[in-house]
Amino acid sequence: MSPPPPSPGAQPAVPKRFTAGTHRTVSPEETVDRVRPFLPALGITRIADVTGLDNLGVPVVMVVRPGSRSISVSPGKGLTLAAAQASGVMESIEHWHAEHILLPLKLGSVFELHSHHLLDAGGLPRLSVRPFHDHLRMYWVAGMDLVSGAPTWVPFEVVHTDYALPLLAASGAFVMSSNGLASGNHLYEALSHAICELVERDAATLWHLSGAEAKRRTRLDPSTVDDATCRTLLDRLEDADVLTCLWEITSDIGVPAFCCTIVDRDPNPLRPVAPMTGFGCHPARGVALLRAITEAAQTRLTLITGARDDVRASGHGPEDDLRAARHFLREHGEAPGRRAFREAPDHLGETFDTDVAWEIDRLRAAGLHQVVAVDLTRSEFGIPVVRVVIPGLEPPHEIPGLIPGARAQRRLSERTS
């Protein structure tokens with residue numbers, strides 16, 4: 001893996017040849033056609049179109065991989081059914097790669113590996129399960145720092161998604177998740193997706209920790225959304241009698257990020273669905289907002305299909321979902337949006353390599369100086385898969401036992417000051 005070019009033209013560009021609602025080097029149809037021959041070997045047994053189980057009309061699929069070592073059902077969403085299929089299939093594929101890593105590992109502590117170039121493990125999301133210190137022996141895997149270009153060793157715990165028990169030695173010091181794991185038709189497509197996911201989760205956590213008035217200031221006026229694809233989905237949700245609440249949650253990093261929560265305006269007591277939330281982040285604000293809207297619809301269908309129970313807004317049953325829906329409507333139903341869509345930043349890069357370089361520039365400007373990518377691509381499939389790790393960014397806030405990082409602590413102090 002080579003670092004992004006210092007300037008456009010330093011190496012062959014990676015053009016975006018598909019930009020309708022999402023950015024890819026090829027169309028969603030071609031994306032799925034390319035990987036379809038490998039699905040049996042990757043354990044994928046079914047791509048189920050579940051769009052019709054809800055009344056929103058937003059395409060959603062469930063991709064089933066029964067032998068998974070982490071999550072056996074990967075949802076996918078998009079502006080079209082083909083886009084949803086590409087989304088779900090590629091997510092399932094990247095999880096398989098992270099569960100079956102064959103890269104060499106080193107076992108040692110920060111103290112023992114002092115001669116190696118190590119990622120700043122102290123800046124990683126931490127758990128209260130096991131204290132981290134420089135003499136804790138753990139496994140490490142090699143990646144590439146996209147800022148310096150230097151080979152850099154990363155704690156293996158934050159790279160793999162093989163959660164089959166027993167876990168490896170020293171597991172529990174850091175948050176284990178799929179955050180920053182991404183695939184694509186090209187390495188730079190995967191890198192951009194991974195970086196944006198990490199920035200999105202950080203932005204969502206910082207926004208969650210903000211005070212009520214700060215959140216109110218970020219509420220979008222839906223009538224100001226002038227992106228044609230987003231407008232289409234917002235009108236579709238309105239026709240389904242669904243309240244759609246939007247917030248711009250872009251952090252100091254400056255990559256556009258949005259939150260979308262949807263709920264039935266008249267919740268059905270016989271089929272209650274709690275408010276469902278989605279997030280999105282992308283250099284192009286239209287794509288970022290579309291991701292948030294489609295993810296909210298995807299989360300609804302994930303609950304409706306029973307694929308996962310941990311997406312409930314609160315509680316453990318229909319009565320709790322109904323109460324949550326009615327409470328959300330009382331709190332947000334008449335609240336006006338104050339922010340205009342065009343106030344969000346917007347970067348319309350023509351190639352993925354320039355997008356990645358722009359994203360790294362934004363991270364560095366915010367004081368984040370390590371962006372390490374571990375290439376998980378397997379030669380027998382040739383599907384680009386990466387895990388990106390950025391010390392200093394916050395993970396999703398709802399993780400049990402999470403120790404707030406420096407950025408979260410600053411936001412909390414701002415809230416109380």
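Leaving aside its neighbours within four places in sequence, which residues is Val388 in contact with?

Modeller: First, the ground rules. This is a predicted model, so local features need pLDDT of at least 70 and side-chain atom pairs count only at pLDDT 80 or more, while totals for chains, interfaces and linings use all residues. Residues are numbered from 1 along each chain as its sequence is written, and side-chain values use heavy atoms, without hydrogens and water.

Now Val388. Beyond its sequence neighbours within four places, Val388 is in contact (heavy atoms within 4.5 Å) with Asn179, Gly180, Leu191, Ala194, Ile195, Leu198, Val371, Val372 and Ala373.

Step back to the core. Val388 is one of the residues with the most contacts inside the largest nonpolar core, which has 41 residues. Leu191, Ile195, Ile249, Leu363 and Ile390 are also listed there. A nonpolar core is a set of buried Ala, Val, Leu, Ile, Met, Phe, Trp, Tyr and Cys residues joined through side-chain atoms within 4.5 Å. Buried means under 20% relative accessible area, with a 1.4 Å probe and protein chains only.

Which elements build it? Helix H3 (187–208), strand S9 (242–248), strand S10 (257–264), helix H7 (318–332), helix H8 (352–365) and strand S13 each supply at least two residues. H3 gives the largest share, twelve residues. Helices (H or I, at least four residues) and strands (E, at least two) are DSSP runs, numbered from the N terminus.

Apart from this core lies another, of 39 residues, including Leu39, Trp96, Leu136 and Phe174. In soluble globular proteins, nonpolar side chains tend to be buried together.

Two of those names lead to aromatic pairs. Rings of Phe, Tyr and Trp (its six-membered ring) pair if their centres lie within 6.5 Å; planes under 30 degrees apart are stacked, over 60 edge-to-face, and the rest tilted. The whole structure holds five such pairs. Trp96 and Phe381 have ring centres 5.4 Å apart and planes at 85 degrees, so they are edge-to-face. They sit 285 residues apart: Trp96 in helix H2 (81–99), Phe381 in the loop between strand S12 (372–375) and S13 (385–389). Both Trp96 and Phe381 are buried.

Phe174 pairs with Phe132. That pair is tilted, at 5.1 Å centre to centre and 50 degrees between the planes. Phe132 is buried, as is Phe174.

Technical notes: Buried means under 20% relative accessible area, exposed over 50%, partly exposed in between (1.4 Å probe, protein chains only).
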